[in-house]
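Welcome, and please have your viewer ready. We will go from stop to stop, selecting a few things at a time.

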Amino acid sequence: MSRAGCWYDDMPMVNQSSSEAPITELRDRGYVIVPRFVSARALVALNRAARLQLTARAEPLEFEADLRYPGAPPSREAAGGETVRRLLDAYGRDPAFAQCGTTAAVREWMAAYFGERAFMSRAHHNCLMTKHPRYGSLTGWHRDIRYWSFERENLVSVWLALGVEEIDNGALWFVPGSHEMAFDAERFDTAKFLRAEHADNARIIRTAESPRLEPGDAVFFHCNTLHSAGKNVSDAVKFSLVFTYHGASNRPMPGTRSASLPEVPLECQ
Ligand SMILES: O=C(O)CCC(=O)C(=O)O
């Protein structure tokens with residue numbers, strides 16, 4: 001694992017050469033963990049904002065009951081039906097989140113990865129993800145490209161753990177190298193989840209890893225990396241901040257959800 005600089009200030013950025021190793025790992029494996037990507041001070045601010053936001057329950061929200069993933073309440077009227085899954089538009093929700101998603105370390109990381117100026121999309125992810133005990137659902141194997149319509153399948157998400165993430169509280173699982181794998185359409189269901197019962201898929205899934213994340217660690221992952229996440233069987237809500245980026249030359253397709261909101265250029269302040 002590599003250290004690539006500190007997200008959201010108070011520790012100096014490390015130089016460019018030391019961020020080459022994680023970028024290479026991201027290219028090779030489709031994901032990379034960057035330990036302690038945010039400073040301790042920033043983490044306190046982000047956690048405070050996250051809890052205030054969940055308490056306030058300000059729109060736009062996405063509910064577990066709306067998605068109906070395995071383990072979710074069957075409707076908003078059912079027990080646990082008001083369980084929030086995503087607090088959407090993290091960028092517009094709290095200045096701490098916005099600063100976090102656009103800070104110099106992210107800008108430099110993405111410019112180095114894409115080889116050009118990068119943009120944050122506000123159209124998907126761009127959220128505070130919560131996973132609740134009891135009513136939080138599990139997420140099947142998928143590629144995030146299912147959410148996107150861009151000229152090229154080349155986007156990178158940054159998933160920041162605001163607390164510990166481990167198997168018991170619904171941590172992410174990744175299939176290393178899966179961003180480069182080619183699949184026939186029939187390997188996925190109509191919602192673009194990988195058919196876990198398919199023998200070849202099952203063989204791939206057996207190679208998956210679930211890295212434990214410490215508070216402040218980030219996972220950078222490619223939009224074609226297969227990943228999933230389990231249920232939260234702990235007794236505390238898990239909070240993660242998630243943003244997605246693409247290079248300036250990779251434009252969202254006109255008329256799609258990906259083009260539905262103004263993007264955020266990562267630029268020097
Ligand atoms: O936390 C989870 O359940 C996984 C979320 C995820 O993979 C996604 O939103 O694309």
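Start with the ligand and select what lies around it: 13 residues form its surroundings, and the closest are Arg86, Lys131, Thr139, His142 and Tyr147. Here a residue is near a molecule if one of its heavy atoms lies within 4 Å of it. Before you go on, note that this is a predicted model, in which local features need pLDDT of at least 70 and side-chain atom pairs count only at pLDDT 80 or more, while totals for chains, interfaces and linings use all residues. Residues are numbered from 1 along each chain as its sequence is written, and side-chain values use heavy atoms, with hydrogens and water left out.

Next, show the side chains of Arg86, Tyr147 and Asp144. An N or O atom in the Arg86 side chain is 2.4 Å from an oxygen atom of the ligand. For the side chain of Tyr147, the distance from an N or O atom to a ligand oxygen is 2.8 Å, and a polar side-chain atom of Asp144 lies 3.0 Å from an oxygen atom of the ligand. A polar contact is a pair of N or O atoms within 3.5 Å; within protein, one must be able to donate a hydrogen and the other to accept it, and residues adjacent in sequence count only if both atoms are side-chain atoms.

Now colour the shell by residue type. How many of its residues are nonpolar, polar and charged? Five are nonpolar, four polar and four charged; Ala, Val, Leu, Ile, Met, Phe, Trp, Tyr, Cys and Pro count as nonpolar, Asp, Glu, Lys and Arg as charged, and the others, Gly among them, as polar.

Switch to cartoon view and pick out strands E3 (84-88), E5 (127-131), E6 (139-142) and E10 (227-229), each of which supplies at least two residues of the ligand's shell. Strands (E, at least two residues) and helices (H or I, at least four) are DSSP runs, numbered from the N terminus.

Move on to helix H5 (residues 95-102) and select Thr102. A polar atom of the Thr102 side chain lies 2.8 Å from the backbone oxygen of Ala98. Is Thr102 buried or exposed? Thr102 is buried, because its relative accessible area is 14% (buried means under 20%, exposed over 50%, partly exposed in between, with a 1.4 Å probe and protein chains only).

Then select helix H6 (residues 104-114), whose buried residues are Ala105, Val106, Arg107, Trp109, Met110, Tyr113 and Phe114. Gly115 follows H6 and has a positive phi, near 75°.

Finish at Asn154, in the loop between E6 and strand E7 (155-161). Asn154 is partly exposed, with a relative accessible area of 24%.
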